[in-house]
Amino acid sequence: MTTGMEGLEVDALSITYPIGQGPFRPRLELKAVREVSLSIAPGKTLGVVGESGCGKSTLARGILRLQRPDGGTVRWNGQSISDLTDDEFRHVRPEMQMVFQDPLASLNPRMRVADIIAEPLVTHRPELSGSKRQALVAKAMERVGLLPDMARRFPHEFSGGQAQRIGIARAIVLEPGLLICDEAVSALDVSIRAQVLVLLEELQQTLGLAILFISHDLAVVRYIAHEVMVLYLGRVVEHAERDTLFANPKHPYTQALIGSVLSKDPEIERSHEVPRIGGELPSPIDPPSGCPFNTRCPLVQPICRQTMPALVVQPDGSQVACHVVEAQKAA
Amino acid sequence: MHQPLLDVRNLSVRFQTAGAPVIAVDNISFSVSQGEVLGVVGESGSGKSQTFMALGGLLASNGETTGEALLEGHDLLALSDRELDHIRGQKISYIFQDPMTALNPFRSVAAQMTELLRLHRGLGQARARTEALRLLERVRVPDARRRLDAYPHELSGGMRQRVMIAMALSNQPRLLIADEPTTALDVTVQIQVLDILDELRREENLAVVLITHDMGVVARLAHRIMVVYAGTIAEEGEAEDVLLRPSHPYTAGLLASMPDLAAPLTQLQPIRGYPPDGRKARIGCMFAPRCFKVQPVCRDVTPALEARVSRQRQACHFPLEPRDTAIAGGAS
Ligand SMILES: Nc1ncnc2c1ncn2[C@@H]1O[C@H](COP(=O)(O)OP(=O)(O)OP(=O)(O)O)[C@@H](O)[C@H]1O
Ligand SMILES: Nc1ncnc2c1ncn2[C@@H]1O[C@H](COP(=O)(O)OP(=O)(O)O)[C@@H](O)[C@H]1O
Ligand code: SF4
Ligand code: SF4
Ligand SMILES: [Mg+2]
Ligand SMILES: [Mg+2]
């Protein structure tokens, strides 16, 4: 099936990990991603936030078909990639690239920088001549701010920030349409993180990239993303335009996340009250019935323990899954 | 107001390597008082951890230390290993980023805590268990009685870090060195753990050294901040002064590199370039290759750490005046 939509469209994607398998153990399921829908147009960035274990990386893996979904579809430029054979998918895959968290660990230590960056070209554009390939590698290196004399060096000779530039150069050398950044700046130092964020902004403008930007750092997400999606136990609890979400977060979980972020201004920070969210993330193997957030929510009502709130569009265009938000709207 | 507890003078740490030696810490002096949180910030490799590892005799075997570190009159760097073990057991505790590396995965929380309590405080088994429970409650572990018999993998990251803090308290230390204690935690848990540290500081009159990359962490807790760059102190002063009116171009650059939810959204202004390698020759200001205010003299003459333009001390020939700070994009 195809639609006219350019960019990425994900519809009701669900991904389950089988766990605890063994001859004498019951077969358990961990529902890591539940009916997640999103779309990202070229030139736009969607930020995905949530505590660790909420399903962010699994979502990324599902989109890239690194993990088999148990429901839902993924479309790229209108074409469903969920129904493609592996062979057919190989032609689409160059369009979609990923940048990982640990820059050094994701680079082959025995390969020179130029060969690392050239690898996707060798795989997906084998018809290119050696000199054409070199030219594309040089262009990618220039785009990410690596100097030409670095091409012959090995990854261990680079700092984390430089290694992440190599990772980004490899991801953009095929001029993809979609870049998935999974905690891509989280391991970087503050000053280098800022360099990489500015670089991603520039690359997005020159290449028209659609970016799925996964991070647990809300301040970074506000900086880079146009829209933000908040996940909790694999489900979307809120999804809104960047300014709407940060100025007026509606879901109690979003409010708690934003309310927990520290400011570098000591005058603000000294009087910053800690949001009252109780306890800890429940086990994703045995999530609470009803609203997944009901074990920690300061606003919990009896209905929250029975019925799962639907993701509902709000007057300002945001989407929120919460009974109390719905009740307030009706009142 | 405060009584100085730790007084470090001219501390250097170098590591012998196959090539040139690595100078990890270069002749730094500072002090920490009881009841005070000293925030130590700076980028990866700047020497934050090695400074404080040196005080506990915890450097890797290729590391060497020079200088003095007086803790209640004892020079930690001049003690024999046995004497140092004794002082460390009695007065200093460490908390690290990853509690999993410090906890034994095969032993229950109770077993690990009672062992420490018997060792440090000579308590019998029953009293050690009661004390372990008290310490867990002290760091607000909910349902502490049940968690006492849990194994580390059965606890969340936040709970493990609380257990680590409880264990760090078992020797009733005077100085708590917390090296990135909340870096691995989710924001919702981070703020809880920080507030526990602050409560301990207040109620037990502890001196706390808080090592972090995150300016927000020191903004919440630190009274004083020491900004470290390439093994030297770039700037040191009251938290308000350093964060709101940074005087060193590096501090201003770090602040301008960090987006802040509490401030209007503005374009980030990254510091150009990368931090130097520890093997690099140490001539002039180490920040010169990245500094937007660099002058020829900076490359030749090492700036001393002194108060030139403001209350805080800065190692910079051309420090920022408070009014420049806005231009550098420093504080929000
Ligand atoms: N055993 C060792 N041999 C050689 N060099 C070392 C050794 N241990 C540390 N270093 C070097 O000492 C310097 C300071 O390291 P340190 O661990 O104090 O940094 P840090 O500021 O704590 O950084 P991070 O924020 O990454 O924890 C670095 O250049 C590091 O590479
Ligand atoms: N390969 C796997 N097998 C079983 N469970 C997994 C696997 N990968 C992730 N999980 C679980 O799926 C959930 C979501 O994980 P993940 O997508 O990595 O979260 P995030 O990236 O948001 O931290 C977590 O509960 C995690 O423990
Ligand atoms: S549905 Fe109920 S438990 Fe869930 S977030 Fe809303 S108020 Fe809280
Ligand atoms: S001494 Fe010179 S190079 Fe160093 S921080 Fe100051 S102005 Fe910049
Ligand atoms: Mg992840
Ligand atoms: Mg360190």
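1. A quick term first: a residue counts as buried under 20% relative accessible area, as exposed over 50%, and as partly exposed in between. With 27% relative accessibility, A:R143 therefore lands in the partly exposed class. Keep in mind as you read that this is a predicted model.

2. How accessible is A:E175? Its relative accessibility is 38%, so A:E175 counts as partly exposed. In general, side chains of opposite charge can pair when their charged atoms come close.

3. On chain B, have a look at B:D198 and B:R202, whose side chains meet in a salt bridge at 4.0 Å, N to O. Both sit in helix α8 (residues 187-204) of chain B, and because they are 4 residues apart there, about one helical turn separates them. Is B:D198 buried or exposed? At a relative accessible area of 17%, B:D198 is buried.

4. Another chain B pair is B:D277 with B:R279, where the salt bridge spans 3.6 Å from N to O. Here B:D277 is partly exposed, at 46% relative accessibility, and B:R279 is partly exposed as well, at 42%. Elsewhere, B:R138, B:R140, B:E199, B:E203 and B:E204 are joined into one network by salt bridges that share partners.

5. Now back to chain A and the strand β7(A). Why is this strand largely enclosed by the rest of the structure? Because 5 of its 5 residues are buried. In a regular strand, side chains alternate between the two faces of the sheet. For β7(A), A:L178, A:I180 and A:D182 are on one side, A:L179 and A:C181 are on the other, and all of them are buried, so that both faces are covered.

6. What does β7(A) pair with? One partner is strand β6 (residues 96-99) of chain A, in the parallel sense and over 4 bridges. Another is strand β8 (residues 210-214) of chain A, which runs parallel to β7(A) and is joined to it by 5 bridges. A:I180 is a handy landmark when you trace this in the viewer: A:M98 stands opposite A:I180, and A:I180 also stands opposite A:L212 in β8(A).

7. On to the ligands. Ligand 4 sits in the largest cavity. Which residues come nearest to ligand 4? Of the 13 around it, they are B:C285, B:C291, B:C298, B:C316 and B:H317. By class, the shell has 10 nonpolar, 2 polar and 1 charged residues.

8. Ligand 3 takes up the space of the second largest cavity. The residues surrounding ligand 3 include A:H251, A:C291, A:C297, A:C304, A:C322 and A:H323, with A:P252, A:F293 and A:L299 also among them. How does this shell divide by class? There are 9 nonpolar and 3 polar residues around ligand 3, and no charged ones.

How values were computed. Residues numbered from 1 in each chain as written. Chains lettered and ligands numbered in written order. Predicted model: local features only at pLDDT ≥ 70, side-chain atom pairs only at ≥ 80, totals over all residues. Heavy atoms only, no water. Buried < 20%, exposed > 50% of the residue type's maximum accessible area, 1.4 Å probe, protein only. Helix = DSSP H or I, 4+ residues; strand = E, 2+ residues; numbered from the N terminus. Near = heavy atom within 4 Å. 1 Å grid on protein atoms, 1.4 Å probe; cavity = no way out; pocket = protein on both sides within 12 Å on 5 of 7 lines; lining within 4 Å. Sits in = over half its atoms within 2 Å of the grid points. Nonpolar A, V, L, I, M, F, W, Y, C, P; charged D, E, K, R; others polar. Pairing = 2+ DSSP bridges.
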